[in-house]
Amino acid sequence: MSTDASRSGAATGALLLCRAEPDSVAFAAQLLREPMLLAGAGAGAGAETGAGSGAGSGAGSGAGDAWSVLVPEGRPWREGGEPVDRVLTGWATALAVGAPWPVLALWWDADRAGYTLASGFRRPVGYVWLANGTPAGEGEAMRTFAARLGLDPVLDVQALDALTEPDPALDATARLRALLAVLTRAGVALPAGLDPGEPADRLRLAAQEQRDARAVDWPGWREAVRAELDVVDSDGRLSRWRPWAGTPQSRALALAQLAAGLPLAVLGARRHSVGWAAAGALLLAHGALGLAYEVVRPRD
């Protein structure tokens, strides 16, 4: 049986993969108010690929996709004793609702390992394996996962379905590595050393060695807004969703973030959950920023 003590032990680790360039991820990640390291994790990012990521000669048609990886310090489960899966689900949900790109949370502890995929306002989908590799999820989750990421409905789905079948040769860590191997065809290429099964300390050391790594910390509201404005032209595809855009999309997103953030913040407070509380706070903050920007600086 899982215990809070085992989940907060040295073997616990987590990664957040965002399907966007690091510049687009940095601002949303700051609002989580959790110290993290951010680096590129796409096949086109130029980062050296780790053996555990499964990247290599089979990168496939998605090699040009933009991906980033966030490596959290892990205080909620290391110091607060909160289950890592609950924390990561809250963070992934907040990041995905706060931006128009999906977020994949990978997590593991002494008892289990799994993933959560969050995309917009849709219900997150995930899968869990026990430490020895025993599947403990619904097979339909894998097919939903593949569809939301645009994976091949035949080859990739077959590979994912195999991960839902018993296999004594594959433990939970091996299952996550196999999942990442499938994702190379969607452009994922984790930097060297960011391997499932590693504890949080080693993951951070590996992330620090990447040439494009940067620290993501809460800088205060003034610097946060300035950072958001600095990337206004960094991704034209996302500009209509940003707070300063003054478009129907930006206003709708801000209102949706406020509507989703309040119940999440209340849920986090009731459950004493750092992950869900942070998710609610992020959504409330980002939504309020979007509406406040239009009041303070309306477009012509």
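Modeller: Begin with burial: a residue is buried under 20% relative accessible area, exposed over 50% and partly exposed in between, with a 1.4 Å probe and protein chains only. Helices (H or I, at least four residues) and strands (E, at least two) are DSSP runs, numbered from the N terminus. The model is predicted, so local features need pLDDT of at least 70 and side-chain atom pairs pLDDT 80 or more, while totals for chains, interfaces and linings use all residues. Residues are numbered from 1 along each chain as its sequence is written, and side-chain values use heavy atoms, without hydrogens and water.

Biologist: Which residues of helix H5 are buried?

Modeller: In H5, residues 139-148, they are Ala141, Met142, Phe145 and Ala146. They lie on the same side of H5, because they cover an arc of only 135° around the axis; the arc is that of the directions from the helix axis to the C-beta atoms. An α-helix has 3.6 residues a turn, so residues three or four places apart point the same way.

Biologist: What covers the buried residues of H5?

Modeller: The cover includes strands S4, S5 and S6, together with helix H6 (155-162) and helix H7. After H5 comes Gly150, with a positive phi near 70°.

Biologist: In what order do the strands form the sheet?

Modeller: Two strands pair if DSSP finds at least two bridges between them. Here seven strands make an open, antiparallel sheet in the order S6-S5-S4-S1-S3-S2-S7. Strand S6 (125-130) and strand S7 (214-216) are the edges, each pairing on one side only. From one strand to the next, the twist averages 20°; axes are lines fitted to C-alpha atoms, for helices over the stretch in contact, and angles run from 0 to 180 degrees between N-to-C directions.

Biologist: How many bridges join S2 to S3?

Modeller: Strand S2 (residues 36-40) and strand S3 (residues 68-72) are joined by five, in the antiparallel sense. Leu37 has Val71 as its bridge partner in S3, and Gly40 has Ser68. With S7, S2 forms three bridges, also antiparallel, and there Leu37 stands opposite Ala215.

Biologist: Which residues of S2 point one way, and which the other?

Modeller: Met36, Leu38 and Gly40 point to one side, Leu37 and Ala39 to the other, and all are buried.

Biologist: How many bridges pair S5 with S6?

Modeller: These strands pair antiparallel over six bridges, with Arg112 opposite Leu130 in S6. Their hairpin has six residues between the strands, and Gly120 there takes a positive phi near 60°.

Biologist: Which strands does helix H2 lie across?

Modeller: Contact means heavy atoms within 4.5 Å. Helix H2 (residues 22-30) lies across S1 (13-18), S2, S3 and S7, at about 30° to S7. H7 also packs on the sheet, touching S1, S4 (103-108), S5 (112-118) and S6, and its direction makes about 160° with that of S4.

Biologist: How many residues has the largest nonpolar core?

Modeller: A nonpolar core is a set of buried Ala, Val, Leu, Ile, Met, Phe, Trp, Tyr and Cys residues joined through side-chain atoms within 4.5 Å. The largest one has 39 residues, and Leu17, Tyr115 and Phe145 are among those with the most contacts inside it. H7 (residues 172-183) gives the most to this core, six residues. Apart from this core lies another, of 29 residues, including Ala20, Met36, Leu70 and Leu95.
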